[in-house]
Amino acid sequence: MVVMDNVDEESTGGDGENNIEDVVTTAEESINDEALEIQEEEVKDDLVGEIITTIEFLDQISDYRRTQQKECFNLVRRLKILIPFMDEIRGFEPPSPESCMHFLHRLRKVILAARKLLETCNNGSKIFLALDSESIMTRFHSIYEKLNRVLVKTPFDELRISDDVKDEVCSLCKQLKKARRRTDTQDIELAVDMMVMFSKTDPRNADSAIIERLANKLELQTVEDLKTETNAIKTLIQEKGGLSIETKQHIVELLNKFKKLQGVVETTDILFEPVINKSTSPVLPHEFLCPITLEIMQDPVIIATGQTYEKESIQKWFDAGHKTCPKTRQTLDHLSLAPNYALKNIILQWCEKNNFKIPEKEVSLNVTEEQKDEVSLLVQALSSSQLEEQRESVKQMRLLARENPENRVLIANAGAIPLLVQLLSYPDSSIQENTVTTLLNLSIDETNKKLISNEGAIPDIIEILQYGNREARENSAAALFSLSMLDENKVTIGLSNGIPPLVELLQHGTSRGKKDALTALFNLSLNSANKGRAIDAGIVQPLLQLLKDRNLGMIDEALSILLLLVSHPEGRQAIGQLSFIETLVDFIRQGTPKNKECAASVLLELGSNNSSFILAALQFGVYEYLVEITSSGTNRAQRKANALIQLISKSEQI
């Protein structure tokens, strides 16, 4: 309404009623504004309350899976720092500014993502979490990065946050920046044992000692543990659609090995159990489900064994190079597919009768068009003539590749890997560092490992390992470790002269650099030819130095590599010096249980090839320490100690 100045009531022709309406309207608007403010405050309090309640709930969880336990506790400890901060926001009396509400919504989203990750580490499959530990770690890094991005934009002044609490939040941001960097491989032995178990060619994949060691590390040593793990795996397979067939089979096969170790006769065949339909009827008949995807078949086909599968699923199985039936494991006479029209008609009739709508096939990647466009633009920018544009593109791709498995597949499918490999040789330290780290993150995906090595990346990664900046060298070592999971890449890295710069990093690198190099060298030394290369490169001396420096915490890893090297004649010659035998006996006498186990293993390997090593060990009093281990050591250490005692007995007879 327009207000007219200098006009009395009579001349307005009775507009007094309109003025009353204005007053009423203004009053209503005032009431509505006040109600809106109250509503906003209630929303703010609800958000703050939910954040605090979630953090306090997470603080009550204590039983995290062993492989992620340390990282879980670190994350919860950092989240708890936010509670005093939230209390101050809740006590903020004036109407909360819009920036506050936006901040709280973003923070809540990150806290809920953290809760989801921590609950996975609390009740998820222990085998899967160990197998997928690198990907799980990238999820922690993603949480740290997102939480830091939210907190650095906190509107402290508008919320009138006290200086003490502000300092705590700023300190937390510094912690998060440090924590989001890639951490060291947590357990080399665990990673290699898992790799051995899942290998079809490694003869040790049925080694009871390795199975027992894994069962101990994963805390799957009782019947009750195995029952819980079986249920966790069932849930995993039914809910996590991104798992490959091979991964599912690996997990189930290892579970059955653990059951056999505990004398459990009944094995698990989770792969071929029907999906439990949590909704109301109808329940899908078992024969309607594809044994691979556990989903209702839309295009069923018959293979040579007479088994029926969804056409798309079995074709992927064949495309991956398999020539066996996934269910029966029989070798197929041929790979021809015959449509199962009879079953298809029965499925369609059943669906119509039960008013069941066949779900549309999900896209294998849970990504939006926006994400695809983002990656596509980043890939285009890799070929830009503008240096700064290339730098920014690689940097962003590095972050995306670290975030989740879907991004790693999406980036590879967009054709980024060949362009990234070309950039490895670009004469710019920033581009080199971010490129090799991007490839490291992408290589977590098994398919990407092959793509990266097929593009000829290994020689360029080795060159960065030799001449790059500190972080680039460390991440190059980590990338070589990841790529060397494929046996053919172990050979390629060895032939490409990749071992000498790894030994150099082991000797002169930072603590993290030493660990990255040690991890890669352990994996590479599983190849017989690479043992000789490592010895020629001078690996023995830095390994012996690691045994002296207990503060680095790499004794078990160093002994594990030495155990591989002493199986090589040149290794025994380089390692088997008197001072080293004394060091081994010292670890057998007063080391940790794991130290004793590793040291006894090395001494047994040395002594089995040359009795003089046994005689030298006896001079340092090894016999009584071995007798003690036979009753108090780990199972593996007891076996090694008994074998050594028998070897000593034979040596004395000789």
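In the predicted model, helix α17 is followed by Gly 415, a residue whose phi is positive, near 85°. Helix α17 itself spans residues 405–413, and its buried residues are Asn 407, Arg 408, Leu 410, Ile 411 and Ala 412. These buried positions are covered by several helices, among them α6 (133–151), α15 (369–382) and α16 (387–403). The cover of α17 also includes α18 (416–423), α19 (429–442) and α20 (446–454).

On the side of α6, the contact is made by Thr 138, Arg 139, His 141, Ser 142, Glu 145 and Lys 146. Helix α16 contributes Leu 399, Arg 402 and Glu 403. Sorted by class, the residues of the contact of α6 with α16 comprise one nonpolar, three polar and five charged.

A further helix pair is formed by α22 (residues 470–483) and α25 (residues 511–524), which pack at an angle of about 25° with their axes 8 Å apart. Angles under 35 degrees count as roughly parallel, and α22 and α25 are therefore roughly parallel to each other. The crossing in which α22 passes α25 is left-handed. From α22, the residues Glu 471, Glu 474, Asn 475, Ala 477, Ala 478 and Phe 481 take part in the contact. They meet Arg 512, Gly 513, Asp 516, Ala 517, Thr 519, Ala 520 and Asn 523 of α25. The residues of this contact divide into five nonpolar, four polar and four charged.

The strands of the model are arranged in an open sheet of three, in the order β2-β1-β3, with antiparallel pairing. Strands β2 (308–310) and β3 (338–339) lie at the edges, each pairing on one side only. Strand β1, residues 300–302, is joined to β2 by three bridges in the antiparallel sense. Within this pair, Pro 300 stands opposite Glu 310 of β2. Helix α13, residues 311–319, packs on the sheet and touches both β1 and β2. The direction of α13 makes about 95° with that of β2.

When neighbours within four places in sequence are left aside, Leu 563 is in contact with Ser 601, Val 602, Glu 605 and Arg 636. Between Leu 563 and Ala 600 the separation is 37 residues in sequence, and the C-alpha to C-alpha distance is 9.8 Å.

Over the protein as a whole, 34 helices and three strands are found. The protein has 654 residues, of which 47% count as buried. Among contacts between residues at least 6 apart in sequence, 68% join residues at least 24 apart.

Notes
Residues are numbered from 1 along each chain as its sequence is written. This is a predicted model: local features need pLDDT of at least 70, side-chain atom pairs count only at pLDDT 80 or more; totals for chains, interfaces and linings use all residues. Side-chain values use heavy atoms; hydrogens and water are left out. Contact means heavy atoms within 4.5 Å. Two strands pair if DSSP finds at least two bridges between them. Helices (H or I, at least four residues) and strands (E, at least two) are DSSP runs, numbered from the N terminus. Axes are lines fitted to C-alpha atoms, for helices over the stretch in contact, and angles run from 0 to 180 degrees between N-to-C directions. Buried means under 20% relative accessible area, exposed over 50%, partly exposed in between (1.4 Å probe, protein chains only). Angles under 35 degrees count as roughly parallel, over 145 as roughly antiparallel, 65 to 115 as roughly perpendicular and the rest as oblique. A crossing is left-handed if the near helix is turned anticlockwise from the far one by less than a right angle, and right-handed if clockwise. Ala, Val, Leu, Ile, Met, Phe, Trp, Tyr, Cys and Pro count as nonpolar, Asp, Glu, Lys and Arg as charged, and the others, Gly among them, as polar.
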